[in-house]
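Thanks, everyone, for making the time this morning. I would like to walk you through one structure, so please have a look at the sequence and the fold before I go on.

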Amino acid sequence: LSGFPYRALGGDNRPSPKTLYAGSGGPGSVFVSVNGGLNWNRVLQVPQTPESPEDPNTCHPWPGPHCVLAIAVDPASPSNVYVGTSAGLYKSADRGTTWTAFNSGLNTVAPTVHALLFDSGSLYAGMVDGLYKVTAGATSWTHLSLRNQVHTIAAEPTTHPRYTASP
């Protein structure tokens, strides 16, 4: 895992196998370890544009070098892994073996997904134009009432379902 700046980490909450995910800055990649971090394999390379610079320390929205900004593993179904990138959102239903774009209902003009959070069976995504939500089994995202830029999301466990999002 050397040679890349890492911007996102995620993990399977089951004790065995201990699967970890790491997301890098430009050029964006996702790496997976199935042995608690001893060995890593690249499982996703975020598509780059022909104009993408080679500088691995930068991360810009389209048409720049794309990077991974957030990773979320579904606690109810750990084979489902979601990756927020500066080029949109990707989903794997097989622990990172294959990936598909999962952007239906998301902002496609400014596709950067800054933050991801699972709570009560729903996945939340923070983007430049606000907060989005998708429920288990749904195929499209819903734009929620928060319409400001969201870089982080946290759930309030005692007054559930209240969320804090920050620009």
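Predicted model: local features only at pLDDT ≥ 70, side-chain atom pairs only at ≥ 80, totals over all residues.

Let me begin with Asn80, which sits in the loop between β5, residues 68-73, and β6, residues 81-85. Is Asn80 buried or exposed? Its relative accessibility is 15%, and because buried means under 20%, Asn80 counts as buried. If we set aside residues up to four places away in sequence, Asn80 touches Ala72, Val73 and Asp74, and also Lys91, Ser92 and Ala93.

Now to the cores. The largest nonpolar core holds 15 residues, and the members that touch the most others are Tyr82, Leu89, Leu116, Leu123 and Trp141. Two or more residues of this core come from each of β5, β9 (113-119), β10 (122-127) and β11 (130-135). Tyr82, leaving aside its neighbours within four places in sequence, is in contact with a list of residues including Ala70, Leu89, Phe102, Leu116, Phe118 and Leu123. Apart from this core there is another one, of 14 residues, with Ile71, Val83, Ala87 and Tyr90 among them.

Tyr82 comes up again in the largest pocket, where 16 residues form the lining and Asp74, Tyr82, Thr135, Ala136 and Gly137 lie nearest the centre. The space in this pocket is about 180 Å³, and β10 and β11 each supply at least two residues of its lining.

Terms used. Residues numbered from 1 in each chain as written. Heavy atoms only, no water. Helix = DSSP H or I, 4+ residues; strand = E, 2+ residues; numbered from the N terminus. Buried < 20%, exposed > 50% of the residue type's maximum accessible area, 1.4 Å probe, protein only. Contact = heavy atoms within 4.5 Å. Core = buried A, V, L, I, M, F, W, Y, C linked by side-chain atoms within 4.5 Å. 1 Å grid on protein atoms, 1.4 Å probe; cavity = no way out; pocket = protein on both sides within 12 Å on 5 of 7 lines; lining within 4 Å. Points joined across faces, edges and corners; volume = space filled by probe spheres on them.
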